[in-house]
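Before reading on, take a moment to look at the sequence and the structure together. The report that follows begins with the way parts of the chain meet and then moves to the chain taken whole.

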Amino acid sequence: MNSSYLPSNILYIDLSNNKFWIEERPEVFEQYLGGTGVAIQLLKEQCPPGCDPFSPENPIILAIGPLTGLFPLASKTIAMFKSPHTGNLGESHCGGRSAIAIRLAGYGAIVIKGRSSNPTYLAIHNDKIHFRDASTIWGMESVFTVGRIIRENEPGSGLRTIMRIGSAGEREVTYASVTTETYRHFGRLGLGAVFGSKRLKALVISGKHSLNIKDKTSYQKLYDDVYQSAVNSPVMQKYHDLGTAENILPLNEIGGLPIKNLQLTRFEDAQKISGEVMAREYLGRRLACSHCPIGCIHIAALREPYGDEPYFYKTSMICYDYEPMYALGTILGISEPESYLKLMDEVEKRGLDSMSTGVVLAWATEAFEKGIITQNETNGIQLRWGDYKNYIEAVKSIVNKTNEFFHALAKGVDYAASQYGGKEFALSFMGNEMPGYHTGPAAHIGVFIGARHSHLDNAGYGIDQKILVNRHLTPTELVEQLLTEEYWRQILSSLTICFFARGVYTPKIVRNTLHSVGYDLTENDLRKIGEEIHHEKYKFKTREGFHIDDYHIPNRIFDTPTPIGQFNRDFLIDAVKILKEKISEW
Amino acid sequence: MRLAVVDTERCIGCQSCMFACSRRQQEGGLASSCLGVKSIGGMERGFMVIVCRACDNPPCAKICPTNALTPRDGGGVKLDIAKCIGCGRCKDACIIGAVFWNDERDKPMICIHCGYCVKFCPHGVLKLEKTREVKQ
């Protein structure tokens, strides 16, 4: 195929020696499309077996796809790295301006290795790469301030992404995130800590290249079809209207909303923190990622008096979405929107993954309630459901690792429970803290078998709510359904299409869009490539010591009934057996 | 007809308009885009939407040393690319930054007020108007 339509340039950066070079790799984009497919190949090549996630050898791979910059909603960047949080495959997706900036700067992927001798930020403007001294902004309390400073210091306004870490990343909290454009994140699995271990404070990328189009007439037509289907689809409209926060009430209604560390799954106070209330009382602005007409990003405006003098206020703009509202809201027994927003603001400022942070705090609160830990461990902080002020103090203590206990919390809930007990209510799957769905077995098995242990790997919560509420599936059928979905999602994430647009990018549309950039693939070919990419990820996991038998599912998952009844342990054991057989074939 | 910004506060920053402009010119990417959307120092504060205002006596044309840019009937300018030497004075003369620059060709990108971008603004930020509407 003609590779002039592909983003074949890979930029390699060596932070140890302040060097960079570019390699053209059309074959890897031809075979694996881009995004996830290309990133796992580069990770296999670049990450030495058994590599310590915090060593200079651990690579950070950022990849976009052949549709990025050409079609709407192909707006994600895929990051791959070895996760310091799970010690295995790290994969995280982020929107904002990141994907467009990487492609229009002239790259399909960026590989960052090494460790800088002093704090650095990288500025990539088209083919100009600068290693800038970041000593002045290292240790700065707020990630927002870091963003402001770099905005003033660098060109490319409107055409750039500014990826940066907060103090959590600098201090290698294993679930530190990377923030882009203030409100988007490589949230999960600790990319921020890997940045920190490399003394890489930020990465600015800008560019405005043109992109060739193979068949101009059919491209225009196809673009219009995709665009119209995105802006006219009722499924997409919900992301723009209330956003993902609209999930709070329906999940509460069916009894699938984790509350107080999943001791409960519905509460009356859900009404107070619903997506509807957030929109009515707090929604201040909606935003979009570059080249996505939907605008799912919801920002609340929170006006607070300073209190030390009259008529002195500040207004903070704070992001909300379902998952952070679950993790920094309901699972902590927080139902006041202002409490959630203030806690969220602190978590954002420090650069932590909101989901892992919330689940860690929920475990700590229950452990405190049960007397497993006391004020001796918490340095006097009273951890109580709903008490956001103390949670803010706890967040600061985690980031600053103020004592042995908070040091343990900074490594995640699995580690903390291994040191202090309370494993039966430490809500994580293979080391990654649980998402906000207690909808049934498919949600949990989905996260458990998903290659990155994310609810978005295969959306098991959807199978619970659409299929299992109506009819039974055998473990074999369920695993097949989950894997089929996960295989297809490898295609979407290799094209870096936002999963919210999965209804727009049907197999037929994907095939046609790919055809317009030079790929000649059938829908069946695509499914095979998806399956192969998934297996490549599992092969990497196995290489790095993943054993399906090493699982631990906390009792709480089984004890708390789901909307479709109690989750049966035997069902899980059968599912594990089926997956184990499959892994041996991959 | 000329392109106008109705209300920047409705802008979500998706930049679909910028990509539409490139597509009208049979390109992907943004090298040739003739309008710009950027945040006002942080997305939480909203966006600037920069379009050619179709000035009656356009400074960009006045300063052009080769007459590559000439005033167009109804406001704005026309670019005769054959005459353009890529000196960039037009870009500097436009105080709102609406003369965009194509770094690949080293030439200015000039809005022709065709309105193609308007069709791809999902929230009615842009419109085509016959004469400039002056708000009282």
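## Domains and overall form

In this predicted model, domain 1 of chain A touches domain 2 of chain A through 32 residues on the side of domain 1 and 32 residues on the side of domain 2. The centres of these two domains, taken over C-alpha atoms, are separated by 27 Å. The division of chain A also includes domain 3, and the bounds are listed here.

| Domain of chain A | Residues |
|---|---|
| Domain 1 | 3-206 |
| Domain 2 | 243-420 |
| Domain 3 | 433-585 |

Turning to the chain as a whole, the secondary structure of chain A consists of 24 helices and 18 strands, and its C-alpha atoms occupy a box of roughly 65 × 60 × 50 Å along the principal axes. Is chain A, with its radius of gyration of 23 Å, in agreement or in disagreement with a compact globule? For 586 residues a compact globule would have a radius of gyration near 25 Å, so the 23 Å of chain A agrees with that form.

Of the 586 residues in chain A, 65% are buried, where buried means under 20% relative accessible area. When contacts in chain A between residues at least 6 apart in sequence are considered, 68% of them join residues at least 24 apart.

As for the surface, chain A exposes about 19900 Å², of which carbon and sulfur atoms supply 46%. Chain A carries 62 positive and 67 negative side chains, and the centres of these two sets are 3 Å apart.

Conventions:
Residues are numbered from 1 along each chain as its sequence is written. Chains are lettered from A and ligands numbered from 1 in the order in which they are written. This is a predicted model: local features need pLDDT of at least 70, side-chain atom pairs count only at pLDDT 80 or more; totals for chains, interfaces and linings use all residues. Side-chain values use heavy atoms; hydrogens and water are left out. Helices (H or I, at least four residues) and strands (E, at least two) are DSSP runs, numbered from the N terminus. The radius of gyration is taken over C-alpha atoms; the globule rule is 2.2 Å times the number of residues to the power 0.38. Buried means under 20% relative accessible area, exposed over 50%, partly exposed in between (1.4 Å probe, protein chains only). Contact means heavy atoms within 4.5 Å. Accessible areas come from the Shrake-Rupley method with a 1.4 Å probe; for residues, only the protein chains shown count as cover. Lys and Arg count as positive and Asp and Glu as negative; His and the chain ends are not counted. The place of a charge is taken as NZ of Lys, CZ of Arg, CG of Asp or CD of Glu. Domain bounds come from an automatic or database domain assignment.
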